[in-house]
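Please open the structure in your viewer and keep the sequence beside it. The tour below goes from the whole chain to single residues, one selection at a time.

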Amino acid sequence: MKKRLNNESQFAELIHDLSHDERFQKLKDYTQHGNISTYTHCLRVAKRSFRFSIRLPFRVNEKELLKGALLHDYFLYDWHNHGDKLHGYHHPNIAFRNAKRDFGLTRREQNIIKSHMWPLTLTHIPRCREAVIVCLADKICSIEETLKKDINRLKKLSV
Ligand SMILES: [Fe+2]
Ligand SMILES: [Fe+2]
């Protein structure tokens, strides 16, 4: 229990500055899946990535892991209205450019963002532990959020 609290407070401390930055807070204006904002989605991916990382038998750079996870979808538009049928393919590069401009990125953070949609983005392969973790965490969170949206739609239909 105490270890869990330590982990929770470490997570809160590591994401504090970026998650409170007003540029990052803009993600609250955009919808990711169902009624989940891109802001909430990125926080969920960061949290899940952190939980994976503390269970693994090897060390990861938590600071870079969480910055990459928080910024992996920093593309700054509502993809539902954007009219880009290849959004899934294009957005990692857009998020990368925006994040580099606004926050600066290490090589590891760049790889996390650019490769998070792999294998869709064939040539952008996760090349570090942190990128593999975020790539997996994002897929799990996205499936959960999409299923939740579909379940809510079914519930409405059955009333
Ligand atoms: Fe994404
Ligand atoms: Fe995502």
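What follows is a list of stops, each with something to select and a note on what is there.

**Before you start.** This is a predicted model, in which local features need pLDDT of at least 70 and side-chain atom pairs count only at pLDDT 80 or more, while totals for chains, interfaces and linings use all residues. Residues are numbered from 1 along each chain as its sequence is written, and chains are lettered from A and ligands numbered from 1 in the order in which they are written.

**Stop 1: the whole protein.** Show the protein as a cartoon, and you will find seven helices and two strands, these being DSSP runs numbered from the N terminus, with helices of type H or I and at least four residues, and strands of type E and at least two. Followed along the sequence, they give the pattern α-α-β-β-α-α-α-α-α. The C-alpha trace spans about 45 × 40 × 30 Å along its principal axes. For 159 residues, a compact globule would have a radius of gyration near 15 Å, and the 16 Å of the protein agrees with this; the radius is taken over C-alpha atoms, and the globule rule is 2.2 Å times the number of residues to the power 0.38.

**Stop 2: the core.** Select Ala 46, Ala 69, Leu 70 and Val 134, the residues with the most contacts inside the largest nonpolar core, which has 27 residues. Such a core is a set of buried Ala, Val, Leu, Ile, Met, Phe, Trp, Tyr and Cys residues joined through C-beta atoms within 7 Å. Two or more residues each come from helix 3 (38-55), helix 4 (62-71), helix 5 (87-103), helix 6 (107-114) and helix 7 (129-158), and helix 7 gives the most, with six residues.

**Stop 3: Leu 66.** Stay in helix 4 and select Leu 66. Is Leu 66 buried or exposed? Leu 66 counts as buried because it has 26 C-beta neighbours inside 10 Å; the cut-offs are 20 or more other C-beta atoms within 10 Å for buried, 12 or fewer for exposed, and partly exposed in between, with C-beta atoms placed from the backbone. Not counting residues up to four places away in sequence, Leu 66 touches Leu 14, Ile 15, Ala 46 and Phe 50.

**Stop 4: helix 4 against helix 6.** Show these two helices together: they pack at an angle of about 35°, with their axes 9 Å apart. Here axes are lines fitted to C-alpha atoms, for helices over the stretch in contact, and angles run from 0 to 180 degrees between N-to-C directions. To see the contact, select Glu 64, Lys 67, Gly 68, Ala 69 and Leu 71 of helix 4 with Arg 108, Glu 109, Ile 112 and Ile 113 of helix 6.

**Stop 5: two loops.** Go to the loop between helix 6 and helix 7, where Pro 119 is placed, and look at the peptide bond from Trp 118 to Pro 119, which is cis, with omega near 15°. Then move to Leu 76, in the loop between helix 4 and helix 5, whose phi is near 65°, a positive value in a residue other than glycine. Leu 76 counts as partly exposed, with 17 C-beta neighbours inside 10 Å.

Notes: Two residues are in contact if their C-beta atoms, placed from the backbone, lie within 7 Å.
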